[in-house]
Amino acid sequence: MPSPLPGMDPYLESQRWKSFHTLFISTVHEMLVPRVRPRYVVEVEEYVYLAREEQEPDRLIEPDLAIVDMADAWTAEPGGSGGTALAVQPVVHTVPVPQRFRQAYLTIRDREFQEVVTVIEVLSPWNKTPGDGRTEYLVKRTNVFLTPAHLVELDLLRGGQRLPTREPLTPADYYAFVCRKQRLPKVDVYAWTLQQSLPPIPIPLAGDDPDVVLDLQAAFTTTYDRAGYDYALNYRRAVEPPLPPAAAEWAQTLLKH
């Protein structure tokens with residue numbers, strides 16, 4: 001069953017973003033492969049961000065380290081009965097431990113030479129929250145700019161800081177940045193609102209090869225249907241971040257039908 005909203009569904013942002021990100025990347029991969037073969041291959045790749053936990057929202061933390069209270073162990077006499085008890089007993093504190101965030105992205109590579117032609121990123125909340133995750137992403141972004149590859153960035157999140165540009169962005173809810181290597185520092189930015197469908201955007205390739213068009217709305221609809229978000233999302237919960245009053249009233253009207 002399709003989303004009750006005409007374009008991006010804002011309820012995904014706070015309820016199912018991690019699963020949506022993974023499935024959306026997979027859907028885009030599936031859509032691009034027949035469009036670029038046989039000269040290019042499309043790969044789902046992954047990198048890891050390190051972020052200090054106090055800089056990230058609690059719902060994003062997935063620690064793979066445990067803090068164990070060892071106070072009782074310190075009170076025991078070392079070396080068995082023949083040891084000497086400690087004169088000062090410790091107080092257990094918790095230290096900030098960097099957390100690892102895995103994020104998938106897409107690359108289009110030249111099939112013969114395996115060189116990266118285009119990188120496609122779908123931003124996640126930690127890419128847009130002040131702190132290590134955003135800093136590391138912006139470093140990665142700069143590093144891509146220094147390579148021969150094009151960069152396409154999809155910001156399908158209403159919350160957080162936008163990607164930096166010298167000129168103010170057109171007011172909108174969602175953005176796609178198409179960064180063609182030969183045109184940098186100029187970048188084509190596609191902007192649209194919650195009330196609009198996701199647009200088709202060009203995906204640049206190498207040399208004189210024509211762009212392929214990625215239908216973002218088709219990618220979203222396919223992902224939404226396959227994941228069953230029509231019943232997995234709780235549409236009775238408030239949208240986070242909150243919608244402006246007019247947009248909230250508009251969304252509620254659609255959800256009642």
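I searched the whole structure and got 11 salt bridges. The model is a predicted one. I then took some of the pairs in turn.

**Entry 1: E30 and R226**

I looked up E30 and found it paired with R226 in a salt bridge. The closest N and O atoms are 3.0 Å apart. I placed E30 in helix α2, residues 17-36, and R226 in helix α6, residues 216-227. The pair therefore ties together parts that lie 196 residues apart in sequence. I checked how open each residue is. E30 is partly exposed, at 43% relative accessibility. R226 is exposed, at 54%.

**Entry 2: R109 and E45**

Which residue does R109 meet in a salt bridge? I found E45, with the closest N and O atoms 3.0 Å apart. Is R109 buried or exposed? I noted a relative accessible area of 19% for R109. R109 counts as buried because the cut-off is under 20%.

I moved on to D211. Its side chain meets that of R180 in a salt bridge, at 2.6 Å from N to O. Both residues sit in loops: D211 between β7 (200-203) and β8 (212-215), R180 between β5 (174-179) and β6 (188-192). The two are 31 residues apart, and the pair links distant parts of the chain. I recorded D211 as partly exposed, at 33% relative accessibility. R180 is buried, with a relative accessible area of 15%. I followed the contacts further. R180, R183, D188 and D211 are linked in a network of salt bridges.

**Entry 3: cis peptide bonds**

Next I turned to the backbone. I found the peptide bond from R37 to P38 to be cis, with omega near 5°. P38 lies in the loop between α2 and β1. Another cis bond joins L184 and P185, with omega about 10°. I placed P185 in the loop between β5 and β6. R180, from the previous entry, is also in the loop between β5 and β6.

**Entry 4: Q114**

I located Q114 in the loop between β2 and β3 (116-122). Q114 is partly exposed, with a relative accessible area of 39%.

Definitions and conventions
Residues numbered from 1 in each chain as written. Predicted model: local features only at pLDDT ≥ 70, side-chain atom pairs only at ≥ 80, totals over all residues. Heavy atoms only, no water. Salt bridge = Lys/Arg side-chain N within 4 Å of Asp/Glu carboxyl O. Helix = DSSP H or I, 4+ residues; strand = E, 2+ residues; numbered from the N terminus. Buried < 20%, exposed > 50% of the residue type's maximum accessible area, 1.4 Å probe, protein only.
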